[in-house]
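Let's take a friendly walk through this structure, one part at a time. Have the sequence and the 3D view open as you read.

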Amino acid sequence: LAEAMNKYKAPNSCVSLNVPTVNTPIWGNISPRIRAQELKLQKILELLTSGITAFARSIDGTELTEEQEDALALLCNTQYEINSFGKISIKPTHNPKFAGLCKTSATPPPRQLFGEDL
């Protein structure tokens, strides 16, 4: 799988396919169990991103079929939901004054799970 993942890395220009990392100040304050869980989610997202990228590259550039549109929408929404789950799973572990950081949004995912300007 590592070879396939390296072969189908998402383009840097496609921010929606970023696999966000947890911001350093938050990472330093979460339990080892939550860190392990977050690392597993990142690995799942990396695999999913490679799959989405491979699928997108396999499209011949013409109009998408309904099945292709549905498959891409389902895969991309799965990625969004996993990103959202990562935030939600960390929420109980930090100070309540930072709870607003864990809200999900419709904007493309940042490179870091809780945004760039923490």
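In which helix does Leu48 lie? Leu48 lies in helix H3, and we'll come back to that helix several times. Keep in mind that this is a predicted model.

## The overall picture

Let's start with the whole chain. The protein chain has 4 helices and 0 strands, so its pattern along the sequence reads α-α-α-α. There are 118 residues in the chain, and buried ones make up 28% of them. If you look at contacts between residues at least 6 apart in sequence, 76% of them join residues at least 24 apart.

How confident is the predictor? The average pLDDT for the chain is 81, and 77% of the residues score at least 70. Confidence is highest in H3, at a mean of 91, and lowest in helix H2 (residues 24-27), at 84.

## The nonpolar cores

Now for the inside. The largest nonpolar core is made of 6 residues: Leu17, Leu41, Leu45, Leu48, Ile52 and Ile82. Helix H3 is the top contributor to this core, giving 4 residues. There's also a second, separate core of 5 residues, and among them are Val22, Ile26, Ile30 and Ile90.

Leu48 and Met5 are 43 residues apart along the chain, while their C-alpha atoms are separated by 9.4 Å.

Ile82 sits in helix H4 (residues 66-90). With a relative accessible area of 17%, Ile82 is buried as well. Which residues does Ile82 contact, leaving aside its neighbours within four places in sequence? The answer is Leu41, Ile44, Leu45 and Leu48. Take Ile44 from that list: Ile82 and Ile44 are 38 residues apart in sequence, and 8.6 Å apart in space, C-alpha to C-alpha. Leu41, for its part, touches Ile82, Phe85 and Gly86, again not counting residues up to four places away in sequence.

Is Ser50 buried or exposed? Ser50 is found in helix H3, and its relative accessibility is 10%. The cut-off for buried is under 20%, so Ser50 counts as buried. Leaving aside its neighbours within four places in sequence, Ser50 is in contact with Met5 and Tyr8.

Ala2 has its place in helix H1. Its relative accessible area is 55%, and exposed means over 50%, so Ala2 is exposed. Ala2 and Leu47 are 45 residues apart in sequence, with 9.2 Å between their C-alpha atoms in space.

## The second largest pocket

One more stop: a pocket. The second largest pocket has a volume of about 280 Å³. Two elements give two or more residues to its lining, namely helix H1 (2-7) and helix H3 (32-58). Which of the elements gives the most to this lining? It's H3, with 3 residues.

In total, 13 residues line the second largest pocket. Lys9, Ala10, Val19, Glu46 and Thr49 are the ones that lie nearest its centre. Sorted by class, the lining has 5 nonpolar, 5 polar and 3 charged residues.

Technical notes: Residues are numbered from 1 along each chain as its sequence is written. This is a predicted model: local features need pLDDT of at least 70, side-chain atom pairs count only at pLDDT 80 or more; totals for chains, interfaces and linings use all residues. Side-chain values use heavy atoms; hydrogens and water are left out. On a 1 Å grid over the protein atoms alone, a cavity is a set of points where a 1.4 Å probe fits but cannot get out, and a pocket is an open set with protein on both sides within 12 Å along at least five of seven lines; lining residues have an atom within 4 Å of a point. Grid points are joined across faces, edges and corners, and a volume is the space filled by probe spheres set on the points. Ala, Val, Leu, Ile, Met, Phe, Trp, Tyr, Cys and Pro count as nonpolar, Asp, Glu, Lys and Arg as charged, and the others, Gly among them, as polar. pLDDT is the predictor's confidence in each residue, from 0 to 100. A nonpolar core is a set of buried Ala, Val, Leu, Ile, Met, Phe, Trp, Tyr and Cys residues joined through side-chain atoms within 4.5 Å. Buried means under 20% relative accessible area, exposed over 50%, partly exposed in between (1.4 Å probe, protein chains only). Contact means heavy atoms within 4.5 Å.
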